[in-house]
Structures are given as C-alpha cells and as structure tokens.
Amino acid sequence: MHGEQTSQLQPGIKVIHVDKKFGKVSVLKDITMEVKANEIFGLLGPSGSGKTTLVKLIAGMAEPSNGEVYVSGVRMPNLNMLNNIGYMAQSDALYSELTALENLAFFAALVGLNGAVRKQRIEEVTQLVNLANFLKRPIATYSGGMKRRLSLAIALLHRPEILILDEPTVGIDPVLRKSIWDELRNLSQSGTTILLTTHVMDEAEKCTRLGMIRDGRLIAVGAPDELKQSAGSQSLEDAFLVYGGVRK
Amino acid sequence: MRVRSLILRIVRQFFRDKRTLALMILAPLLILWLVALIFNGNTYHPKIGAVDIPRQIVTRLVNQGAVVESYSSNAAALNALSLQKLDAAISFADGVPHITLEGSNPSKSKTVLLLAQKVLLQPANPMPSQMQPPVIRYLYGSANMSSFDNFGPVLIGVFAFFFVFLIAGIAFLKERTTGTLERLMATPLRRWEMVAGYVVGYGIFTMIQACLIAWFSVGVLGMMMNGQFLYLLLVTLLLSMTALTLGTLLSAFANSEFQMMQFIPIVIVPQIFFSGLFSVDNMAPWMRRLSEIMPLYYGADALRNVMIRGKGFLAIWPDLCVLLAMSLVFMALNVFALRKYRKI
C-alpha cells in the first residue's frame, strides 16, 4: 500500500483546531498537532481524557465538529484512505466463534488482500505477534493478551503506512511487550508512521514524541526528554502534573 | 469481493453456533407441528347429561356425536356439571326441553347448542317433503377443511417472520456490542456492503428455513395446498427478507439483547393480531388500516391466496411488491443508521 501519490506529498498526520462535541458535551477542545512521517507519536493521558475520540477522528470513523484532520495530506474522513491506515481498537473486536486464522482471513479480505499475498502476510504478522501455533483455535479460547496480539496482527496485515494503535500493549506480558516495541521501531524505521495511545508512563518514554492530553485539551507536545526538562521534573508523571496545572 | 468475505464469515459463524441454527430452522417446525396436533384433531364430542328424557332423543343425540350419560335427578346432573364432568345437562319440564350449559368455554357451548338444535327442533319443525336439501358448493376450501387449514398459512408467515427477525436482529446487535462493527468501519468496507453482506449471508439461512417450513407444512402436516409450491416459497422468502431487514434495522435502536427482546411485543405481537389470524372486521375502520403498515399482513394475505384459494402470480404480485419495497426501505434506512459508526 506504499507509494500512493498523495501520501508522498504530505506524509504524516495533521490535526488543525479540532473540536469534537457529543451533544452538548465537549470531548475535544481545539486540538492542533502534527505527527511527522516515520515517528512513533504517543498520546498520553488518563482514561476519559479524549484519546480514543481523537484517534477515531484520525482513523476516519468520526467527523470533527470543527477543524480539520489530514492523513497523508488527505482530508479525513476519506474512505480510500482507510486502506492506508491500520487501526487497532481499544477493545478487541474479534469474532469469538471463529478461529484466529478465520479472523485474519476475513479482515485481510476487507483490506483487499487475496490469494498468495494474503497467506504470506498472515504468516508474517502471526509470527511477529507469536501466535503462529494458535491459529486454529477459536478466539473464545484465547486469553486477553492473545486477543490483543491478534488485534495488532490484524492492524498490520496490509502494511499500512499509518498505524493507529489504541492502548496496544494492555494485558501483554513484559517479554512480548518488548518484542512488540522492537517491531514498532522497525516499522517506523522502514517508513510507517505510528500513533498510539497509552496511559502507562514507561511506555510513553519509548515514543519519539508525546502529546499529553487531559480533559480534551492537548496540554503539551514534545519528545519525552524535552517535556521532562522544560517542566523541570524527573519523571513524565511529574511533568504531566506540571503541564496539567496541578503542580507548579 | 468484500461483501463475499462478509457473507463467508457470517455463514461460518452461523455453523459454529449450532443452537441458534437449530432455533431458526427447527423451532418453527416444532411449533407448527404442535399447532397442527391441537387444531387438526377430530371434532369435539360434547358430554351431555340426560335427566329423564325420551329414549329416542337420547339415541338421536348419540347419533349426532354426543356422549350421553343418564342422571336420575336434576340435582345430580347439575352437580356433575359443576365438577366439569359434563358440558351440558338436558331435562324436560312440562314438555319443554331445558338445557343448562357449563358455559365457560364458548366453543363447547356452541357445539352443544348446535347439536341440541338439530335434535330437539327437528320433529317440531319438519322439513316440507317437497323441499329438496340445498346443494352446497365451495368457491374455495371444502367441507372437510379444518381450522388449521384456515390459519396454517398465516402461521407459516408468523413463524418465518418471528425467528428471522429475532436472530438476524440479535446477530447484527452483537456486531455492535462486541465492537466489531466499529472495527469494520475502520476498514474500507462501505456501509451498504455491510448491509448487503448481512442480507445475503442471513438470506441463505432464511431461504433454507423458508423451504423447510413450506415443505413441512404441506408435505408432513398435510396443510391445505391448492396453489403452486413455488409461490408459497416465494412469499415465505420475501416475508423473511422483510423480517431480516427490519430486525437488523431495529437492532440499531437496542443496546442489548434484552432490549432487542422488547421489540417482540411492539413489533411482532401487533402484527400477529392484524395478520388475519383473528378477524379485525369489528375493529374501528381507522384502526383496521393499521394493518397496511405491517409486513405480516401482506405475507399472510398472499399465503392464503396461494394455499387456500390456489391463486397464481397475478393475485399475489401486489403483496410481493409491498414486501420487496419494505425490505428495500429497511435496508436503505439501515445503511443510513450505520452513519452512527462512520459518516462516510
């Protein structure tokens, strides 16, 4: 899916003065940010801060109430663009009656993978998330961590140039989490732009850049070290409190 | 292509869920069979207590199909009546027959009265010998048509509609509650493709169900069938299609399986009342017109035309058109309702 012309023009993600309201409740307030090509951008914030809503706007599943979202230079929501985006939802959206292989095959077909390519990609991604030996098992027998890994594998199937991961490593053991992070770095080095959400501070440290989000507002953006430095704090947690106005 | 993989997935899922498959395919057959057992039985033989009535009348009562028991006194007969051992007690006072009915079941009471009229009035009002008995002809149906034959076609429609509505509705709802629908909307799958996939995927099972119900009703239960089997199939299938599209549409307005069940008294039960199972002729005219928005009304009308009246395509095509149009409208609305998950 690489090499679409539009994508070469303005790679990455741009969010410009975005508001999102559900009825009268304002969930996102004037968010402006940019995710540059090839970086791993982390959205850090507590639950309920608006991370998932922002991510859905970028993934084209919702429309902002105000403002604009661009992915690879294309105004979202855009149906064709969805072929270039890999999305992993916060809750594992899998068909529990079906086997892992059947789930993979189904989602692969939806993004246009068929025949030998599909087979090869399924092999590759399942190797990556360490599920190759469990493909014939129905999802109902999977543990939470296994489902998380399968969701990630599905998001990677079509080699998307933009990867959007909503809380990707919840319930995954440290060893596997490390190997997933290694793979995310590989992907970003080979040209994938990654946007992920997290509320785990040590995971946030691993991102190229971070956006701190609280009550629907982006309170700080920068590399983890920059953020700590300018807040004059030892940890990201402290920095978050400083930017959030809780601690001076 | 995407629709095809969606259909394949639905079929696979359905085969994994054997119980739901059985519910959709076998439950309508079971219920139809039970209904046939109840209504196809032989005519009812009323139990009559005779208190001191002429022997010839007793003989005639028995000949008409009554079970007659003699009682020595009125009190004894009334006692048996109150214990529900009898449906009626007949006695004579001053040459006038007195009939006391148990009376809690109107159809039993009617049977008794009809029978008593035949037996007791005949000698007093003998037919003039020159008058011939009338020649009776049936435009549709026949003398030995049972009530099951009459409402059987409606029942075929009701059960096909009910089970498809519920199962398709809950399946689509599950797609919402498990988050897979939202996940699908993050793929290039178009909203109409989603709806089309469900209509065809569940349509396959709907078709199997329609075939089985039609075959079972006619072939096994021996329901009256004067028309073409093909038309019966066509009507059942189109009616199920309406149920399928309506069920998936309404699942947008339910947040749980429990709430989906709440549509049964709102969507299903009124349709049964208006489907022709019960006569609505006594209803206020404006209320009667409510049936015009109910898919089951059109389905049942077409089914009766085919099965009882033996009519062909010319008689049922308006009904079929309405069902088809309703399905299309429900599908279009569903495509629109999916905007909740993705605007484009």
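Modeller: A nonpolar core here is a set of buried Ala, Val, Leu, Ile, Met, Phe, Trp, Tyr and Cys residues joined through side-chain atoms within 4.5 Å. The model is predicted. Its largest nonpolar core has 132 residues, and those that touch the most other members are L104(A), L150(A), L184(A), F165(B), M194(B) and Y202(B). Helix α6 of chain B, residues 147-177, gives the most to this core, with 20 residues. As for Y202(B), leaving aside residues up to four places away in sequence, its contacts are I10(B), F14(B), M24(B), I167(B), A168(B), A171(B) and L244(B). Another core lies apart from the largest one; it has 31 residues, including A62(A), V74(A), L82(A) and Y87(A).

Now the contact between the chains. Chain A brings 27 residues to it and chain B 26 residues. About 2,600 Å² is buried between chain A and chain B, with carbon and sulfur atoms giving 63% of that area. Eight residue pairs are in polar contact across the interface, both residues of each pair being at pLDDT 80 or more. On the side of chain A that touches chain B, α3 (100-110) and α5 (144-156) each supply at least two residues. The largest share of that side comes from α3(A), with five residues.

Technical notes:
Residues are numbered from 1 along each chain as its sequence is written. Chains are lettered from A and ligands numbered from 1 in the order in which they are written. This is a predicted model: local features need pLDDT of at least 70, side-chain atom pairs count only at pLDDT 80 or more; totals for chains, interfaces and linings use all residues. Side-chain values use heavy atoms; hydrogens and water are left out. Contact means heavy atoms within 4.5 Å. Buried area is the accessible area (1.4 Å probe) that two parts lose on being put together, summed over both. A polar contact is a pair of N or O atoms within 3.5 Å; within protein, one must be able to donate a hydrogen and the other to accept it, and residues adjacent in sequence count only if both atoms are side-chain atoms. Helices (H or I, at least four residues) and strands (E, at least two) are DSSP runs, numbered from the N terminus. Buried means under 20% relative accessible area, exposed over 50%, partly exposed in between (1.4 Å probe, protein chains only).
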